[in-house]
There are 2 protein chains.
Amino acid sequence: MKKTTVVTTILGKKSNKLPDQDVASVFAPTNIALCKYWGKRDSELNLPVTSSFSLSLGKKGTKTELKVSDTAYDVILLNNKEVDSSSEFYKRLAAFLDLFPVHRAMRFYVNTQSNIPTAAGLASSASGFAAIVMALNQLFCWGLSYQKLSILARLGSGSACRSIWQGFVEWHAGTQNNGMDSYGEPFPHTWPELCMGLCIVSTKEKYISSREAMKRTIETSPFFAEWPNKVNMDLPILKQAIINKDFHLFGKVSESNAMSMHATMLSAWPPIHYAVPETILIMKKVWELRQQGLPLYFTQDAGPNLKLLFLEKDKEQIQQYFTSIEILQPFLE
Amino acid sequence: MKKTTVVTTILGKKSNKLPDQDVASVFAPTNIALCKYWGKRDSELNLPVTSSFSLSLGKKGTKTELKVSDTAYDVILLNNKEVDSSSEFYKRLAAFLDLFPVHRAMRFYVNTQSNIPTAAGLASSASGFAAIVMALNQLFCWGLSYQKLSILARLGSGSACRSIWQGFVEWHAGTQNNGMDSYGEPFPHTWPELCMGLCIVSTKEKYISSREAMKRTIETSPFFAEWPNKVNMDLPILKQAIINKDFHLFGKVSESNAMSMHATMLSAWPPIHYAVPETILIMKKVWELRQQGLPLYFTQDAGPNLKLLFLEKDKEQIQQYFTSIEILQPFLE
């Protein structure tokens, strides 16, 4: 199944409508998986091996302005600076726009403004692709459901299908070959006291993309076969922990899920280890503080940065221990 | 099955013989597993889940002097300094001596001299227990076979059963409940050009003992079930690589086996991560140099120190890249 077939199926006759408004302006939050998406069953359509579960980060994400351009090529800006058409960023976005029949008839001006570091394991592509899909939907007044937007965003980057919503979102793996049952769904529970501390230890581009790392892991890790069982065990516990506001269980499952994902990478060949020295120092500090009784956990994506998980009541104390972190309270933003 | 039963079975009537010589003085090398011992099927007798394979480190190891003492307690020295009887070191060694019926009738003076840091993942207990068993055998003229000495050493510390020999040694997992088929056996191939570079980044005691780490991993890692398959796949390839002097394959299997062992720990709960920042820096440097074409691999035990694997021809270059490593050429020492 091709991406274009999915797009055509979803858009139907809507696809060739001319823009009803001058400019679309949308925002999509980045999301951090608490139960990770790791491994594809279809790498063309970004269909995952397992379901996953995330938390969107409020105001952290991507704001995208989209309008029709009278240039011969798409004009793409990242944080108000024009992006070279030979860059990966440009090529990936232009290729995505190419999936949409409207792109045959016109070129776009896209200004992507992100308040998170690109490609540093902070899911910038997730919010980016969610935003561009939402912007297309707004510009052309397609009136697509969030579920359909989620499917379209997934074609750009798997985890983008979760960035259509704020709060907790579950991405259902689905079973269909065309992926029409593989989309995000908001998990209808909030947790206002929940905090996330962003420990940005490096904003450098990752030394291996998550796409590559995922592929290598599936192909070479002796442990990857067990990963789906781990996720299928963790996901219902995580949801129940949220319902019960059981922070210890919530933190434990999140951290354990992340560390197991990294374990599959460490056992790949060649091994993949996203940690930088600072990552290790923070990890060990978290473990030490937790042993001393502080309810503090973390998660780590395919990158060296850690995201601390804790409750509002410990905010001040944690800010003192980790002076350079940025604390978010996703449900209050 | 109790340890004392194993000792009695092996010693038979030899056990009560009085010492024929004044003092025994022996040396046992430390050994570094290339295919790791990780997981016990019997923690009383230190019977492993899988076979393992190691390289002994020539002159690096433990020299033990043993004689009968007329004191009321065992006098134990570590590097010529008397060890307090309340210390873990003293208690573990004294408990081991207690397995031997001769210890009922007399007390010992034991001087253990080690030229490797204790408890820093350099298998000091392996050479230590191998040496004390060899010293007892010498002092009492038991004339036990190396295979029997290997079984006795295993009762002190699993990997000690490989420290009875120099060179490559395979520890056969065995299947019997009494462990009489679980011992080391020299692998009859040498590799004079093979070098090991010791990167000692920390000589501090490990933050969790390998015994504890192993236990926690078995009990909580979702990936441990796959570990025996990994070892059973790696071990024959490693041996064939040695026979063929295929250094790339040898290095790859060794490093991959070690990283997979660490992956089982990372996926345990709470996660176990022996790396310190310097460990990560060296790892990444190895991967970078290898990508540039240098045939360089590493192995890592349950500790933060790395052991680089390379060939004699690259010795000078590697010494320049890693100025503080100590290079050993185990088959030439």
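Which residues does A:Val231 touch, not counting residues up to four places away in sequence? Point 1 has the answer, after two housekeeping sentences.

This is a predicted model, in which local features need pLDDT of at least 70 and side-chain atom pairs count only at pLDDT 80 or more, while totals for chains, interfaces and linings use all residues. Residues are numbered from 1 along each chain as its sequence is written, chains are lettered from A and ligands numbered from 1 in the order in which they are written, and side-chain values use heavy atoms, with hydrogens and water left out.

1. **A:Val231.** The partners of A:Val231 are A:Cys35, A:Lys36, A:Thr50, A:Ser51, A:Pro236 and A:Asn257, once residues up to four places away in sequence are set aside. Contact here means heavy atoms within 4.5 Å. A:Val231 sits in helix α7 of chain A; helices are DSSP runs of H or I with at least four residues, strands are runs of E with at least two, and both are numbered from the N terminus. With a relative accessible area of 0%, A:Val231 is buried. The cut-offs are under 20% for buried, over 50% for exposed and partly exposed in between, using a 1.4 Å probe and protein chains only. From A:Val231 to A:Phe247 is 16 residues in sequence and 19 Å in space, C-alpha to C-alpha.

2. **A:Thr217.** Here is another one to click on. A:Thr217 belongs to helix α6 (residues 210–220) of chain A, and A:Thr217 is buried because its relative accessible area is 0%. Apart from neighbours within four places in sequence, A:Thr217 is in contact with A:Trp38, A:Phe224, A:Thr264, A:Met265, A:Ala268 and A:Ile272.

3. **The A/B interface.** On each side the interface has 31 residues: 31 of chain A are in contact with 31 of chain B. The two chains bury about 2700 Å² between them, and 77% of that is on carbon and sulfur atoms. Buried area is the accessible area (1.4 Å probe) that two parts lose on being put together, summed over both. On the side of chain A that touches chain B, α7 (227–243), α8 (247–266) and α9 (277–291) of chain A each supply at least two residues. The biggest giver is α8(A), with nine residues.

4. **What that side is made of.** The residues of chain A that touch chain B divide into 19 nonpolar, six polar and six charged.

5. **Aromatic pairs.** Over all chains there are 37 aromatic pairs. Rings of Phe, Tyr and Trp (its six-membered ring) pair if their centres lie within 6.5 Å; planes under 30 degrees apart are stacked, over 60 edge-to-face, and the rest tilted. B:Phe140 and B:Trp142 are stacked, at 5.5 Å centre to centre with 15° between the planes. B:Phe140 is buried at 0% relative accessibility, and B:Trp142 is buried at 3%. B:Tyr146 and B:Trp165 have ring centres 6.0 Å apart and planes at 70°, so this pair is edge-to-face.

6. Ring pairs link A:Phe53, A:Phe168, A:Phe187, A:Trp191, A:Phe247, A:Phe250, A:Tyr297, A:Phe331 and B:Trp269 into a cluster.

7. Most residues other than glycine have a negative phi, and most peptide bonds are trans. The bond joining A:Trp269 and A:Pro270 is cis, with omega about -10°, and the bond from B:Trp269 to B:Pro270 is cis too, with omega near -10°. Phi is positive at A:Asn79, near 50°, and at A:Asn80, near 70°.

Notes:
Ala, Val, Leu, Ile, Met, Phe, Trp, Tyr, Cys and Pro count as nonpolar, Asp, Glu, Lys and Arg as charged, and the others, Gly among them, as polar.
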